[in-house]
Amino acid sequence: MKIAMVSEHASPLAALGGADAGGQNVHVAELSAALSRQGHDVTVYTRRENRRSPAMVETPDGYRVVHVSAGPPKKLPKDDLLPHMGEFGRVLRSKWAKDRPDVVHAHFWMSGLASVLAAKDLEIPVTQTFHALGAVKQRYQGKNDTSPAERVRLERMIAKQVHRVIATCSDEVFELVRMGLTRSRVSVVPCGVDLTTFTSDGEVAPRTAPHRIVSVGRLVPRKGFDIAIAALAGLPDTELVIAGGPGSGSLDKDDEARRLRGIAKRFGVSDRVHMPGQVSRKDMPALLRSADAVVCTPWYEPFGIVPLEAMACGAPVVASAVGGLIDTVIHGVTGLHVPPRDPKALVTALRRLVPDASLRETYGVAGCDRVRARYSWDRVAADTVRAYERILTNETEAASEAEAGVGS
């Protein structure tokens with residue numbers, strides 16, 4: 001099958017941890033690699049952010065990345081990209097008219113907009129993964145939501161025009177139905193984890209306190225790192241590592257890093273909060289293995305790959321009971337759920353878990369088993385292909401019915 005992946009702001013080649021580089025980049029890269037391993041022809045289309053970038057890159061994992069010129073060839077915040085999606089779509093249409101894919105898979109709403117514009121006249125089926133929904137972001141961030149004003153309206157339009165929506169968790173299905181989408185047009189396919197990189201055996205990063213909790217993600221307020229810092233004040237003999245953001249040398253210039261350091265100072269835990277900045281993928285497993293618990297406390301989370309990576313490394317997870325974390329972390333089996341934005345509940349959970357080596361091991365083993373059974377990228381790719389095949393089967397049946405009508 002010839003598959004066109006569209007990821008307008010999240011290149012699979014990007015370094016992770018920046019303002020707009022995170023789970024979507026990993027998802028697109030790993031899914032494309034897994035589909036290529038299964039024999040599919042995959043091309044990822046992403047916006048050119050550097051004039052020196054080659055037109056096309058052949059990756060070691062078997063898929064291609066095409067840099068699409070749309071707007072200035074420089075890094076732009078994703079919320080500023082909407083005016084360039086018309087141009088992005090026109091370039092895609094030109095390419096697909098000459099080399100038609102069997103199916104288009106758009107990632108994020110602006111990729112969906114460009115894909116719908118490009119594929120409609122060419123009658124190429126489009127499937128959509130939103131990764132995050134504007135209505136949910138608006139609900140939680142309110143006036144701090146920097147999304148374009150048109151986002152929610154355009155997401156509804158995209159959801160109704162694409163051939164199928166692939167949701168990453170059950171909570172997202174509920175949100176899509178609230179938007180007016182028919183449930184039968186939605187498939188649920190979660191994100192996955194690289195089980196060759198994230199394993200329970202291997203190097204363990206050194207620590208400087210008897211106990212350690214770890215949080216990982218982009219340095220943005222909605223990730224809730226301030227909740228973990230507040231909880232640390234009630235956890236003696238424990239250090240907190242917050243991995244993410246720019247390199248350690250640039251953290252002093254990062255607004256969120258400065259805010260978090262101020263919170264740590266206010267709670268009197270500055271000496272126990274460590275912010276190494278961006279941690280490479282090869283070093284991340286050792287960091288996760290060093291944790292007594294991996295803490296994921298976002299306000300909301302469309303899916304969240306970090307808990308899967310933690311569980312694959314044998315680390316128990318304490319997570320906010322929101323979004324995809326409700327599906328991936330099983331309360332009382334692979335870790336614990338806590339209410340979002342509730343430091344007291346987080347302290348209670350960690351006081352139960354961190355000192356109890358037997359409980360930590362029990363959760364860690366169960367989490368590792370769960371990830372290997374359900375969340376390998378090869379399984380995610382196979383489930384994704386089944387969603388594509390449903391689209392293509394429906395298209396073939398519709399074409400056959402049309403031909404029969406003409407013949408009669």
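On a 1 Å grid over the protein atoms alone, a cavity is defined as a set of points where a 1.4 Å probe fits but cannot get out, whereas a pocket is an open set with protein on both sides within 12 Å along at least five of seven lines; lining residues have an atom within 4 Å of a point. Grid points are joined across faces, edges and corners, and a volume is the space filled by probe spheres set on the points. The model is predicted, with local features requiring pLDDT of at least 70 and side-chain atom pairs counted only at pLDDT 80 or more, while totals for chains, interfaces and linings use all residues. Residues are numbered from 1 along each chain as its sequence is written, and side-chain values use heavy atoms, without hydrogens and water.

A search of the whole structure identified 1 cavity of 30 Å³ or more. The volume of the largest cavity is about 40 Å³, and its lining consists of His27, His105, Thr129, Ile166, Val189, Pro190, Val380 and Thr384. This lining comprises 4 nonpolar, 4 polar and no charged residues (Ala, Val, Leu, Ile, Met, Phe, Trp, Tyr, Cys and Pro count as nonpolar; Asp, Glu, Lys and Arg as charged; the others, Gly among them, as polar).

The second largest pocket has a volume of about 330 Å³. Of its 22 lining residues, Ala29, Glu30, Asp194, Arg281 and Trp377 are the closest to its centre. By class, 12 nonpolar, 4 polar and 6 charged residues line the second largest pocket. Helix 1 (23-37) and helix 14 (377-407) each contribute at least two lining residues (helices are DSSP runs of H or I, at least four residues, numbered from the N terminus). Helix 1 provides the largest share, 6 residues.
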